[in-house]
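Reader: Before we discuss any labels, please show me the model, and then tell me on what grounds each term is applied.

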Amino acid sequence: MMLVKANKDSEAGAPPNPELMTAVAKLADEATARGVMVTAGGLLPSSQGVRIRVARGKTSVIDGPFAETKELVGGFAIFDLNSKKEAIESGRKFMQVHADILGASYEGELEIRPMFVAPPTQHS
């Protein structure tokens, strides 16, 4: 799974750069055609979300927005790739599109995490 970190613009609800979205859509179409992209999507600002926390046996709901924008997820993509190397190559390409279109002042981060796959269950 690739997790794109949010930034101040995405948290403010600013629409994404149209040229960037066109380029990202092209990458997604290519990955889908190769059969490696499972799904992807962007997230609305944390002001429209909630967190549910359990502490000392009690559950609480905390309304957004949340501090520390750099720790928030702004979008995601799930891939079915064969190796960490392949995931890094895909992630670099995705982030390079951002740098190429948004320019030298762009700062962003993509986190890549393998997903746990449960072994098949056996029926007796």
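Author: Let me begin with pairing: two strands pair if DSSP finds at least two bridges between them, where strands (E, at least two residues) and helices (H or I, at least four residues) are DSSP runs numbered from the N terminus. This is a predicted model, in which local features need pLDDT of at least 70 and side-chain atom pairs count only at pLDDT 80 or more, while totals for chains, interfaces and linings use all residues. Residues are numbered from 1 along each chain as its sequence is written, and side-chain values use heavy atoms, with hydrogens and water left out.

Reader: How do you know that S3 and S4 pair?

Author: The definition asks for at least two bridges, and S3 and S4 have six, in the antiparallel sense. Arginine 53 stands opposite serine 60 in S4. The two strands form a hairpin with two residues between them, and arginine 56 in the turn has a positive phi of about 55°.

Reader: Why is valine 50 called partly exposed?

Author: Buried means under 20% relative accessible area and exposed over 50%, with partly exposed in between (1.4 Å probe, protein chains only); valine 50 has 49%, and therefore counts as partly exposed. This residue belongs to strand S3, residues 50-55.

Reader: Which residues does valine 50 contact, leaving aside neighbours within four places in sequence?

Author: With contact meaning heavy atoms within 4.5 Å, the partners of valine 50 are Val61, Ile62, Asp63, Gly64 and Phe66. The C-alpha atoms of valine 50 and glycine 64 are separated by 5.4 Å, although the two residues are 14 apart along the chain.

Reader: What makes strand S4 lie largely in the open?

Author: Strand S4 covers residues 58-63, and of its six residues the number buried is zero, so the strand lies largely in the open. Over the chain of 124 residues, buried residues make up 27%.

Reader: What makes a set of residues a nonpolar core, and how many residues has the largest one?

Author: Such a core is a set of buried Ala, Val, Leu, Ile, Met, Phe, Trp, Tyr and Cys residues joined through side-chain atoms within 4.5 Å. The largest has 19 residues, and those with the most contacts inside it are Met2, Met37, Phe79, Leu81, Phe94 and Leu110. Strand S1 (2-5), helix H2 (18-33), strand S5 (73-79) and helix H3 (84-102) each supply at least two of its residues, and H2 gives the most, with six. Leucine 110 touches Met2, Leu3, Val4, Gly91, Phe94 and Met95, not counting residues up to four places away in sequence.
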